[in-house]
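Dear colleague,

I am passing on the structure that we spoke about, together with some notes on what was found in it. Please keep it open beside this message as you read.

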Amino acid sequence: MKRIPVIIDCDPGIDDVMALLFAFVRPELDIRLITTEAGNQTQDKTAYNARSFLTYMNQEVEVARGLEQPLFVDLEVAEEVHGENGLGDVIFPEPSFEESNRTAIHALYQTIMTSDEPIVLIATGPLTNIGALLLAHPEVKDNIRSISFMGGAAVGGNMTPTAEFNVYVDPHAADIVFRSGIPIVMSGLDVTHKAFLDEDDLKRIGDIGTELTERLVELMTFYTKAATQTAFHEENYDTNVRLHDLCAVGYVVEPKLFQGDDCYVAIETTSELTRGTTMVDYTQSLPYAKNVHVLHTVDRERFVAMFIDAIQKAEQLIKGGNLHVEKN
Ligand code: BDR
Ligand code: CA
């Protein structure tokens, strides 16, 4: 099988580690590098969590530390959703390998420029590292096939009424990326809110009854407790577990599960009220070139089945098996 060379840029983060789990068991992906963002938690914590979770999964891929702060605004973390350690207070093992001695920007630059074929970037956190990379080394664009990004929304936000967390945290970086001309696939809240586990799915996972599924259920329960309560929804209107970041991985391996449209998308960077809003021209009424493939629908049942299958395969990795994944 011809594998897709990918780099994962993430801010683990509960759904980020689930996305890593998903990515590491998929034979289609050749994961060449992981870079970490400050986002759900500080850079110290997300960089640690990436190595710690990889250690748990028996995987070793270079993890390079990204920028400590968004480009022009102060960092706001999502402690209430992801916990003080960024992983819902669930403890994974001490990392068995060191952080890379290359910075994320340096590692991204070298990995992209020396790749024999264009790289797919999977981005599941704020876009600070990728924005900075494009400012420092715009020539990388020629060797990036696409960016599969979890973030933004055509309609409604989760950080503010109109802004999704990853874009809100670093709107200037998102603006650079969205105006770069690189093909972008946006898994925003429009689709990620449809990619969820319901209570029955969660129970099915819990019933597998292994240490991994116990930890996953703990992570997902923590994360869902912080589910949105708004003035319009007095009760916790939704106990579903949203698999946000997994969509960005899922689209790369099984694009047919998703539907979307090409749209013009711009990022609001200046307004205090609507900072980080992705203005998606889903009305197709503005006279600007379409720059983003915006996903809006997913085949939830097949997506959930893929995730449960990934959990079962991850058990084999944890036990020391290497699946069918060839190592480079
Ligand atoms: C996004 O925000 C983060 O908290 C999640 O990890 C995901 O990337 C969802 O809005
Ligand atoms: Ca994330």
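**The sheet and its neighbours**

Ile184 stands opposite Val292 in β12, where strands, like helices, are DSSP runs numbered from the N terminus (strands are E with at least two residues, helices H or I with at least four). Before going further, please note that this is a predicted model, in which local features need pLDDT of at least 70 and side-chain atom pairs count only at pLDDT 80 or more, while totals for chains, interfaces and linings use all residues. Residues are numbered from 1 along each chain as its sequence is written, chains are lettered from A and ligands numbered from 1 in the order in which they are written, and side-chain values use heavy atoms, with hydrogens and water left out.

Two strands are said to pair if DSSP finds at least two bridges between them. On this basis eight strands form an open sheet of mixed pairing, in the order β3-β2-β1-β4-β5-β6-β12-β9. Its edge strands are β3 (63-65) and β9 (258-263), each of which pairs on one side only, and the twist averages 25 degrees from one strand to the next. Angles here run from 0 to 180 degrees between N-to-C directions, and axes are lines fitted to C-alpha atoms, for helices over the stretch in contact.

If you follow the order of the strands, β1 and β4 pair in the parallel sense over four bridges, with Ile8 opposite Ile122 in β4. Five bridges then join β4 to β5 (residues 144-150), again in parallel, and Val120 stands opposite Ser146 in β5. β5 and β6 are also parallel, over four bridges, and here Met150 stands opposite Ser187 in β6. By contrast, β9 and β12 (residues 292-298) run antiparallel and are joined by six bridges, and the bridge partner of Cys263 in β12 is Val292.

How many residues of β4 (residues 119-123) are buried? Five of its five residues are buried, a word that means under 20% relative accessible area, against over 50% for exposed and partly exposed in between (1.4 Å probe, protein chains only). Ile119, Leu121 and Ala123 point one way from β4, and Val120 and Ile122 the other way.

Helix α4 (residues 104-113) lies across β1, β2 (29-36), β3, β4 and β5, and runs at about 155 degrees to β2. Helix α7 (residues 171-178) packs on the sheet and touches β5, β6 (184-187) and β12, its direction making about 135 degrees with that of β6; contact means heavy atoms within 4.5 Å.

**The calcium ion**

Which residues coordinate the calcium ion (ligand 2)? Asp11 (OD), Asp16 (OD), Asp16 (OD), Thr124 (O) and Asp245 (OD) do so, at 2.2 to 2.6 Å. Donors are N, O and S atoms within 2.8 Å of the metal (3.2 Å for Na, K and Ca), and the site may look incomplete because water is not among the atoms. Along the chain the donors follow the spacing D-x4-D-x107-T-x120-D. Distant parts of the chain are linked in this way, with Asp11 in the loop between β1 (4-10) and α1 (14-25) and Asp245 in helix α11 (residues 244-253), 234 residues apart. Asp11 counts as buried because its relative accessibility is 0%, and Asp245 counts as buried because its value is 2%.

α1 and helix α10 (residues 211-225) pack at an angle of about 145 degrees, with their axes 9 Å apart. The residues in contact include Ile14 and Leu21 of α1 and Leu212 and Tyr223 of α10.

In the loop between β1 and α1 lies Gly13, which a cis peptide bond joins to Pro12, with omega about -15 degrees. Asn58, in the loop between α2 (43-56) and β3, has a positive phi of about 65 degrees although it is not a glycine, and Asn58 counts as partly exposed because its relative accessibility is 45%.

With best wishes
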